[in-house]
Amino acid sequence: MSILSPRRPSQPSWPALPDWSDLMARFESMPPWTSLEGHMIRVEEHLDEGRYTLRAELPGIDPAKDVDISVRDGQLTIKAERTEQHKEGTRSEFHYGSFYRSMPLPAGAKEDDIDASYTDGILTVTMPVTESPTPEKHIEITKTAAAGNGHN
């Protein structure tokens, strides 16, 4: 054995990690509706002049077949399912998944009078809201004697 090249014990062989640029290319190629925290539908909502409006981003779907809107116990739920296929030459990729989002409705929302429309990838759900908010109620706190605190 040579003094210039000492023998080292064999090192474990680690699996090769993917190249950083490959990981970034995969991440950047993800469609915008893909979420890292699960399948989330992006929404914006506002209450204006007695009308509640919710807008949800749902691009590239057929609302008649792929979207279900329901209301129950003061919650508005939107469910959507998407299947997408991209072909490029001899290569094709599929993206699919189910998505849902539930939001609490404002007090006084008229659940029996909901309208929904879909234009340019945006689902808009509207309903009237009565102008009678629940009044604020203050609760009186009563003071009671401490039980069993060991002090006489």
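Buried means under 20% relative accessible area, exposed over 50%, and partly exposed in between (1.4 Å probe, protein chains only). In soluble globular proteins, nonpolar side chains tend to be buried together.

The model is predicted, so that local features need pLDDT of at least 70 and side-chain atom pairs count only at pLDDT 80 or more, while totals for chains, interfaces and linings use all residues. Residues are numbered from 1 along each chain as its sequence is written, and side-chain values use heavy atoms, with hydrogens and water left out.

The chain has 2 helices and 7 strands, which follow one another from the N terminus in the order α-β-β-α-β-β-β-β-β. Helices (H or I, at least four residues) and strands (E, at least two) are DSSP runs, numbered from the N terminus. Of the 152 residues in the chain, 20% are buried.

With residues up to four places away in sequence not counted, Ile78 touches Ile41, Leu54, Ala56, Leu58, Val67, Asp68, Phe99, Tyr100, Arg101, Met103 and Leu123, where contact means heavy atoms within 4.5 Å. Among contacts in the chain between residues at least 6 apart in sequence, 48% join residues at least 24 apart.

Strands β1 and β2 run antiparallel and are joined by 6 bridges; two strands pair if DSSP finds at least two bridges between them. Tyr52 in β2 is the bridge partner of Leu47. The two strands, β1 and β2, form a hairpin with 2 residues between them, and Glu49 in the turn has a positive phi of about 50°. Thr53 also lies in strand β2. Thr53 counts as buried because its relative accessibility is 13%. Beyond residues up to four places away in sequence, Thr53 touches Glu44, Glu45, His46, Thr124, Val125 and Thr126.

Met40 lies in the loop between α1 (20-28) and β1 (43-48). With a relative accessible area of 37%, Met40 is partly exposed. Met40 and Tyr100 are 60 residues apart in sequence, and their C-alpha atoms are 6.5 Å apart in space.
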